[in-house]
Amino acid sequence: MPLSPITKVYGVKDAKISPLTADPAGGTATYATSIDVPGIQTFEISGDIETKKLRGDNGPLATNSAISGITIKVEHAKLSLAALAAITGGTTTATGTTPAQVSTYSLTGGSTLPAFKLEGVTPANGVDIIGGDLHWVLYCCTLSKFPEVGFADEDFRTVSFEADADPLISTGEWLDAVLNETAVAIS
(Lines give C-alpha, C1' and ligand atoms only; values in the text may rest on other atoms or scores of the structure.)
Protein backbone atom coordinates (compact mmCIF):
# COMPACT_ATOMS: atom_id res chain seq x y z
CA MET A 1 0.00 0.00 0.00
CA PRO A 2 1.46 3.42 -0.91
CA LEU A 3 2.32 5.97 1.75
CA SER A 4 -0.61 8.29 2.54
CA PRO A 5 0.01 11.86 1.35
CA ILE A 6 -2.06 13.23 4.28
CA THR A 7 -0.43 14.03 7.61
CA LYS A 8 -0.32 16.30 10.60
CA VAL A 9 2.78 18.51 10.82
CA TYR A 10 4.25 19.02 14.28
CA GLY A 11 7.38 20.95 15.15
CA VAL A 12 10.58 21.80 13.35
CA LYS A 13 13.78 19.99 14.33
CA ASP A 14 16.42 21.18 11.90
CA ALA A 15 17.05 23.55 9.02
CA LYS A 16 20.03 24.04 6.74
CA ILE A 17 21.14 26.60 4.15
CA SER A 18 23.14 25.43 1.12
CA PRO A 19 24.65 28.16 -1.08
CA LEU A 20 23.70 27.68 -4.76
CA THR A 21 26.98 27.62 -6.70
CA ALA A 22 25.69 26.80 -10.22
CA ASP A 23 22.34 26.53 -11.96
CA PRO A 24 22.97 26.13 -15.71
CA ALA A 25 20.07 25.88 -18.16
CA GLY A 26 19.74 22.25 -19.18
CA GLY A 27 22.25 21.18 -16.53
CA THR A 28 22.18 20.32 -12.85
CA ALA A 29 22.11 22.72 -9.92
CA THR A 30 25.05 22.42 -7.52
CA TYR A 31 25.31 23.57 -3.94
CA ALA A 32 28.12 24.25 -1.48
CA THR A 33 28.29 22.48 1.89
CA SER A 34 25.16 22.86 4.01
CA ILE A 35 25.24 25.29 6.93
CA ASP A 36 23.13 24.68 10.03
CA VAL A 37 20.45 27.20 11.03
CA PRO A 38 21.01 26.88 14.80
CA GLY A 39 18.06 26.68 17.15
CA ILE A 40 15.41 26.69 14.41
CA GLN A 41 12.08 27.90 15.83
CA THR A 42 9.80 28.64 12.88
CA PHE A 43 9.84 27.78 9.17
CA GLU A 44 6.88 29.41 7.41
CA ILE A 45 6.09 29.20 3.70
CA SER A 46 3.49 31.35 1.96
CA GLY A 47 2.76 32.33 -1.60
CA ASP A 48 1.18 34.92 -3.82
CA ILE A 49 -1.34 34.17 -6.53
CA GLU A 50 -2.06 36.55 -9.36
CA THR A 51 -5.57 36.31 -10.73
CA LYS A 52 -6.80 37.70 -14.02
CA LYS A 53 -10.51 38.00 -14.77
CA LEU A 54 -11.94 38.33 -18.22
CA ARG A 55 -15.22 40.14 -18.46
CA GLY A 56 -17.46 40.78 -21.43
CA ASP A 57 -21.09 40.70 -22.43
CA ASN A 58 -21.83 42.35 -19.08
CA GLY A 59 -20.50 39.39 -17.04
CA PRO A 60 -17.56 37.16 -16.14
CA LEU A 61 -16.22 35.00 -18.96
CA ALA A 62 -13.09 33.41 -17.51
CA THR A 63 -10.66 33.49 -14.62
CA ASN A 64 -7.04 32.43 -14.72
CA SER A 65 -4.72 32.25 -11.72
CA ALA A 66 -1.01 31.58 -11.42
CA ILE A 67 1.44 31.38 -8.56
CA SER A 68 3.48 34.57 -8.77
CA GLY A 69 5.79 34.05 -5.83
CA ILE A 70 6.72 31.96 -2.81
CA THR A 71 8.05 33.50 0.40
CA ILE A 72 9.80 31.81 3.32
CA LYS A 73 10.14 33.24 6.83
CA VAL A 74 12.58 31.66 9.27
CA GLU A 75 13.26 32.41 12.92
CA HIS A 76 16.05 30.78 14.89
CA ALA A 77 17.40 31.03 18.43
CA LYS A 78 21.14 31.39 17.79
CA LEU A 79 23.17 33.63 15.52
CA SER A 80 25.37 31.82 13.01
CA LEU A 81 27.90 34.11 11.32
CA ALA A 82 28.42 31.46 8.61
CA ALA A 83 24.69 31.27 7.84
CA LEU A 84 24.46 35.07 7.85
CA ALA A 85 27.32 35.30 5.35
CA ALA A 86 25.77 32.60 3.14
CA ILE A 87 22.48 34.48 2.74
CA THR A 88 23.80 38.07 2.58
CA GLY A 89 26.94 37.66 0.48
CA GLY A 90 29.16 38.62 3.39
CA THR A 91 32.27 36.86 4.62
CA THR A 92 33.46 35.32 7.86
CA THR A 93 37.01 35.23 9.14
CA ALA A 94 38.61 33.55 12.12
CA THR A 95 41.75 35.07 13.63
CA GLY A 96 43.87 34.79 16.75
CA THR A 97 44.77 31.96 19.05
CA THR A 98 43.36 30.96 22.43
CA PRO A 99 42.58 32.92 24.57
CA ALA A 100 42.19 35.74 22.01
CA GLN A 101 40.32 34.09 19.13
CA VAL A 102 37.97 36.27 17.07
CA SER A 103 35.25 35.33 14.57
CA THR A 104 34.10 38.20 12.36
CA TYR A 105 31.23 38.60 9.90
CA SER A 106 31.78 41.37 7.33
CA LEU A 107 29.50 42.86 4.70
CA THR A 108 30.91 45.29 2.16
CA GLY A 109 29.18 47.75 -0.12
CA GLY A 110 29.95 45.60 -3.15
CA SER A 111 28.27 42.49 -1.75
CA THR A 112 25.47 40.93 -3.79
CA LEU A 113 22.72 38.74 -2.41
CA PRO A 114 23.48 35.12 -3.31
CA ALA A 115 20.98 32.34 -4.02
CA PHE A 116 20.70 29.43 -1.60
CA LYS A 117 18.68 26.29 -0.93
CA LEU A 118 16.73 26.12 2.32
CA GLU A 119 15.53 22.86 3.83
CA GLY A 120 13.64 22.24 7.06
CA VAL A 121 12.48 19.02 8.71
CA THR A 122 10.07 17.94 11.43
CA PRO A 123 11.25 15.75 14.28
CA ALA A 124 10.73 12.00 13.85
CA ASN A 125 7.08 11.35 14.70
CA GLY A 126 6.24 14.96 13.76
CA VAL A 127 3.95 13.45 11.12
CA ASP A 128 1.21 10.78 11.23
CA ILE A 129 3.68 8.03 10.36
CA ILE A 130 5.42 6.68 13.45
CA GLY A 131 9.14 7.18 12.91
CA GLY A 132 8.58 9.32 9.79
CA ASP A 133 9.25 12.98 9.04
CA LEU A 134 8.45 15.78 6.59
CA HIS A 135 11.02 17.89 4.73
CA TRP A 136 10.25 21.23 3.05
CA VAL A 137 12.83 22.05 0.37
CA LEU A 138 13.06 25.41 -1.43
CA TYR A 139 15.71 25.11 -4.13
CA CYS A 140 16.55 28.71 -5.03
CA CYS A 141 16.00 31.42 -2.42
CA THR A 142 17.19 35.02 -2.22
CA LEU A 143 16.69 37.38 0.71
CA SER A 144 13.78 39.78 0.36
CA LYS A 145 14.52 41.64 3.61
CA PHE A 146 17.76 42.08 5.52
CA PRO A 147 17.93 39.59 8.43
CA GLU A 148 16.69 40.84 11.78
CA VAL A 149 19.65 40.71 14.15
CA GLY A 150 20.81 42.78 17.11
CA PHE A 151 20.23 42.84 20.85
CA ALA A 152 17.26 42.76 23.25
CA ASP A 153 17.10 44.36 26.69
CA GLU A 154 17.14 41.71 29.42
CA ASP A 155 16.04 39.01 26.98
CA PHE A 156 17.39 36.63 24.36
CA ARG A 157 17.51 38.03 20.83
CA THR A 158 16.36 35.66 18.12
CA VAL A 159 17.44 35.95 14.49
CA SER A 160 14.99 35.95 11.58
CA PHE A 161 15.00 36.40 7.83
CA GLU A 162 12.65 36.41 4.86
CA ALA A 163 13.44 35.18 1.38
CA ASP A 164 11.73 34.78 -1.96
CA ALA A 165 11.92 31.39 -3.64
CA ASP A 166 12.26 31.01 -7.41
CA PRO A 167 12.32 27.91 -9.63
CA LEU A 168 15.74 26.60 -10.57
CA ILE A 169 16.85 27.52 -14.09
CA SER A 170 18.25 24.02 -14.65
CA THR A 171 15.23 21.89 -13.69
CA GLY A 172 12.36 24.22 -12.82
CA GLU A 173 12.23 22.78 -9.30
CA TRP A 174 10.70 25.33 -6.95
CA LEU A 175 9.51 23.64 -3.77
CA ASP A 176 9.17 20.07 -2.52
CA ALA A 177 7.37 18.62 0.48
CA VAL A 178 8.89 15.18 1.09
CA LEU A 179 7.07 12.85 3.48
CA ASN A 180 9.33 9.99 4.62
CA GLU A 181 8.14 6.72 6.14
CA THR A 182 11.45 6.59 8.03
CA ALA A 183 12.93 9.88 9.25
CA VAL A 184 16.10 11.02 7.47
CA ALA A 185 18.49 13.82 8.31
CA ILE A 186 18.94 16.79 5.99
CA SER A 187 21.86 15.94 3.71
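Reply: Quick ground rules before we zoom in. This is a predicted model, so local features need pLDDT of at least 70 and side-chain atom pairs count only at pLDDT 80 or more, while totals for chains, interfaces and linings use all residues. Residues are numbered from 1 along each chain as its sequence is written, and side-chain values use heavy atoms, with hydrogens and water left out.

Searching the whole structure turns up one cavity of 30 Å³ or more, and the largest cavity holds about 40 Å³. Here a cavity is a set of points on a 1 Å grid over the protein atoms alone where a 1.4 Å probe fits but cannot get out, and lining residues have an atom within 4 Å of a point. Grid points are joined across faces, edges and corners, and the volume is the space filled by probe spheres set on them.

Around that cavity you'll find His76, Leu79, Ser80, Ala83, Leu84, Ile87, Val159 and Phe161. Two elements, α1 and β10 (159-165), each give two or more residues to this lining, and α1 gives the most, with three. Helices (H or I, at least four residues) and strands (E, at least two) are DSSP runs, numbered from the N terminus. By class, the lining splits into six nonpolar, two polar and no charged residues. The nonpolar set is Ala, Val, Leu, Ile, Met, Phe, Trp, Tyr, Cys and Pro; Asp, Glu, Lys and Arg are charged; the others, Gly among them, are polar.

Helix α1 (residues 81-88) deserves a look of its own: six of its eight residues are buried, so the rest of the structure largely encloses it. Buried means under 20% relative accessible area, exposed over 50%, and partly exposed in between (1.4 Å probe, protein chains only). The buried ones are Ala83, Leu84, Ala85, Ala86, Ile87 and Thr88.

Next, the open side of things. The largest pocket has a volume of about 160 Å³; a pocket is an open set of grid points with protein on both sides within 12 Å along at least five of seven lines. Of the 13 residues lining this pocket, Val9, Gly11, Val12, Phe43 and Trp136 lie nearest its centre. β4 (40-56), β8 (116-121) and β9 (133-148) each contribute two or more, and β4 gives the most, with five. This lining has seven nonpolar, five polar and one charged residue.

On to charges: the structure holds five salt bridges, each a side-chain nitrogen of Lys or Arg within 4 Å of a carboxyl oxygen of Asp or Glu. Lys16 pairs with Asp14 at 3.5 Å and with Asp36 at 3.6 Å. Lys16 counts as buried at 18% relative accessibility, while Asp36 is partly exposed at 35%. Elsewhere, Lys52 meets Glu50 at 3.2 Å, N to O; Lys52 is exposed at 53% and Glu50 partly exposed at 41%. Shared partners join Asp14, Lys16 and Asp36 into one network.

Last stop: Pro5, in the segment before β1, is exposed at 74%. Its C-alpha lies 9.5 Å from that of Val178, 173 residues away along the chain.
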